[in-house]
Amino acid sequence: PADGNGYQRVLLKLSGEAFGGGSVGVDGGIVHSIAEQLAGVVHGGTQVAVVVGGGNFFRGAELAEAGMDRRHADYMGMLGTVMNALALQAFCEQVGLETRVQTAITMGQVAEPYIPRKAVRHMEKGRLVIFGAGAGMPYFSTDTVAAQRALEIGCQVLLMAKNGVDGVYDDDPRTNPAATMYDDLEYATVLADQLKVADATAISLCMDNRMPIVVFNLLRDGNIARAAAGERIGTLIS
Ligand code: UDP
């Protein structure tokens, strides 16, 4: 942010991988640490909404590979994200951070429905808002939903937390030690070079609406706060 004082309102995308620590299910230690970091950021005065992925449970494309109808598979994927949303809520409340879960598939016993103006009110009252069930529509990704929610609820930046990589590289840093990280990137380059940041729908939505994206490493302690404070970490896509 131009004033160097941090953002007022941010959207954080946490992938399913962040919850499972690379395996199926929820890793309590990791989610507890995320919750503690989020409590620090929200109590510090930044308004935060989170979109959660679900790849630690189901990915529609993988279930489709296994022979399942894609639409059923995608709905299973969306339900998986709701489980992550509930896990994050539970750990946040343990550390004293008030939260509300809103889902794009209505399930009144479990969460509020997605009501954008209400989400904004929650954030203004110092509550963390967690969005589950993706867009509620098959053939979308939670990355695209993160971009859409960031736009609809007026966030200044989309923070994309990655598991173990510091930003966007010109090649996979886990297999190619010579890969170099970009400090800055243009949306068009991400699309043209098919860089693995988010799907093309998410990137083009941000490009068309000038929503900056910061890609950063979730596994470095304190990075959520650094990214929310507008420190130059990771890769800035704008
Ligand atoms: N999904 C969907 N529509 C949405 C969001 C998600 O159908 O709007 C499904 C899709 O099958 C996807 C799964 O939910 O594979 C889990 O989400 P995603 O793969 O985006 O999670 P992540 O990769 O961030 O863990």
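Which helix gives the most residues to the shell around the ligand? In this predicted model, that helix is α4, which supplies six residues of the shell.

**Around the ligand**

- The ligand is surrounded by 24 residues, and the closest of them are G53, G55, G60, G77 and G134.
- At least two residues of this shell come from each of the helices α1 (16-20), α3 (60-65), α4 (70-94) and α6 (142-152).
- When the residues of the shell are sorted by type, twelve are polar, eight are nonpolar and four are charged.

**The sheet**

- Nine strands form an open sheet with mixed pairing, and their order across the sheet is β4-β3-β5-β2-β1-β6-β8-β9-β7.
- Because β4 (112-113) and β7 (184-185) stand at the edges and each has a single partner strand, one side of each is left without a neighbour in the sheet.
- Strand β3 (residues 99-103) and strand β5 (residues 128-132) run parallel and are joined by five bridges, and Q102 has F131 as its bridge partner in β5.

**Strand β6 and its two partners**

- On one side of the pairing, strand β1 (residues 9-14) runs parallel to β6 and is joined to it by five bridges, with L159 in β6 as the bridge partner of L12.
- Strand β8 (residues 213-217) also runs parallel to β6, again with five bridges between the two strands, and here the bridge partner of L158 is I213 in β8.
- Six of the six residues of strand β6 (residues 157-162) are buried, so the strand is largely enclosed by the rest of the structure.
- In a regular strand, side chains alternate between the two faces of the sheet. In β6, V157, L159 and A161 point one way while L158, M160 and K162 point the other way, and all of these residues are buried.

**The nonpolar core**

- The largest nonpolar core comprises 73 residues, and those with the most contacts inside it are L11, L38, V48, V50, L88, L158 and L159.
- Helix α4 contributes the largest share of this core, with eight residues, and α4 is also the element that gives the most to the shell around the ligand.
- Leaving aside residues up to four places away in sequence, L11 touches A49, V51, A146, R149, A150, C155, L158 and L159.

Conventions
Residues are numbered from 1 along each chain as its sequence is written. This is a predicted model: local features need pLDDT of at least 70, side-chain atom pairs count only at pLDDT 80 or more; totals for chains, interfaces and linings use all residues. A residue is near a molecule or strand if its C-beta atom, placed from the backbone, lies within 6 Å of it. Helices (H or I, at least four residues) and strands (E, at least two) are DSSP runs, numbered from the N terminus. Ala, Val, Leu, Ile, Met, Phe, Trp, Tyr, Cys and Pro count as nonpolar, Asp, Glu, Lys and Arg as charged, and the others, Gly among them, as polar. Two strands pair if DSSP finds at least two bridges between them. A residue is buried if 20 or more other C-beta atoms lie within 10 Å of its own, exposed if 12 or fewer, and partly exposed in between; C-beta atoms are placed from the backbone. A nonpolar core is a set of buried Ala, Val, Leu, Ile, Met, Phe, Trp, Tyr and Cys residues joined through C-beta atoms within 7 Å. Two residues are in contact if their C-beta atoms, placed from the backbone, lie within 7 Å.
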